[in-house]
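Dear colleague,

I am passing on the structure we spoke about, and below it you will find my notes on what turned up in it. Please read them alongside the coordinates.

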Amino acid sequence: MAELDIRQIAVLRDNYVYLARDPETDACAAVDPAVAPPVLAMLQDLGWRLSHILCTHHHHDHVGGNLELKRATGCTIVGNRADADRIPGIDVMVSEGEEITVGSQVARVFDVSGHTRGHIAYWFPGSRAAFVGDTLFALGCGRLFEGTPAEMWRSLCKLRDLPAETRIYCGHEYTESNAAFALTLDPDNEALIARAERIRALRREGRPTVPSVLAEEQATNPFLRADEAALQRAVGLVDADPVATFAEIRRRKDSF
Ligand code: ZN
Ligand code: FE
């Protein structure tokens, strides 16, 4: 089966909107369209027709373009049933464990609450792609606006359990500052040192560091490694509960 053709659009200060088109049916989804005009322009350039919007969470920098895109294209808007009253223009409601199709492409829905209540992620196993919004970032994770450390840790573990080759499409280009923070906790991690160097080189050229591959997050993202002794030692907690370690890492990042 053909894979999704995925394009990314950098909008606002550091947001990414994604277009994901199924080559077999011409169906095309926009993921988290913060704004409409650049999405419409990219659709026009590519000659693609928008059939769906997939929403990960209610923040304005993820749903701000929903209604204008729906008016312009008649697309169907998909979001979390549990957060339906905060997703503008929602047509199709989904919950954890359910599937949603974009043409012939099937996504599994995960509840990944923590950044917000009712944040979801979409995993397209046939395309080795996951759209994770503001839950898992390249070398980072989202701030806890509405959830607890325990919820966010549980959500991150669900994403960590996806196949290692999964490409992680997140909502923001925060990677360079995430790398600087990760190095403060994990200064001897060779994989992290090498990755941070690649990230700085990409950003010097103004190129995106997203998507990343889950395998590199598993090896270098401190927020996915709160159950490892090295990270627990780094924050002064030995034999600690992963949730306590995660909470401390997140607390330090909040003031980094
Ligand atoms: Zn957000
Ligand atoms: Fe965001």
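How many residues does helix α4 have, and how far does α4 reach from its first C-alpha to its last? Before the answer, a word on conventions: this is a predicted model, in which local features need pLDDT of at least 70 and side-chain atom pairs count only at pLDDT 80 or more, while totals for chains, interfaces and linings use all residues. Residues are numbered from 1 along each chain as its sequence is written, chains are lettered from A and ligands numbered from 1 in the order in which they are written, and side-chain values use heavy atoms, with hydrogens and water left out.

Helix α4 (residues 149-160) has 12 residues and reaches 16 Å, close to the 16 Å expected at 1.5 Å a residue (the expected span is 1.5 Å times one less than the number of residues; helices are DSSP runs of H or I with at least four residues, strands runs of E with at least two, numbered from the N terminus). Within α4, the buried residues include M152, W153 and L156 (buried means under 20% relative accessible area, exposed over 50%, partly exposed in between, with a 1.4 Å probe and protein chains only).

Turning to the metals, the zinc ion (ligand 1) is coordinated by H57 (NE2), H59 (ND1), H115 (NE2) and D134 (OD), at 2.2 to 2.3 Å (donors are N, O and S atoms within 2.8 Å of the metal, or 3.2 Å for Na, K and Ca; water is not among the atoms, so sites may look incomplete). D134 also bridges to the iron ion (ligand 2), and the two ions lie 3.1 Å apart. Because H57 lies in the loop between β4 (52-54) and α2, and D134 in the loop between β10 (129-133) and β11 (136-137), this pair ties together parts that are 77 residues apart in sequence. Both H57 and D134 are buried.

The iron ion (ligand 2) is coordinated by D61 (OD), H62 (NE2), D134 (OD) and H172 (NE2), at 2.1 to 2.4 Å, and its donor residues are spaced D-H-x71-D-x37-H in sequence. H62 lies in helix α2 (residues 60-63) and H172 in the loop between β13 (167-170) and α5 (175-185), so this pair ties together parts that are 110 residues apart in sequence. H62 counts as buried at 1% relative accessibility, and H172 is buried with a relative accessible area of 3%.
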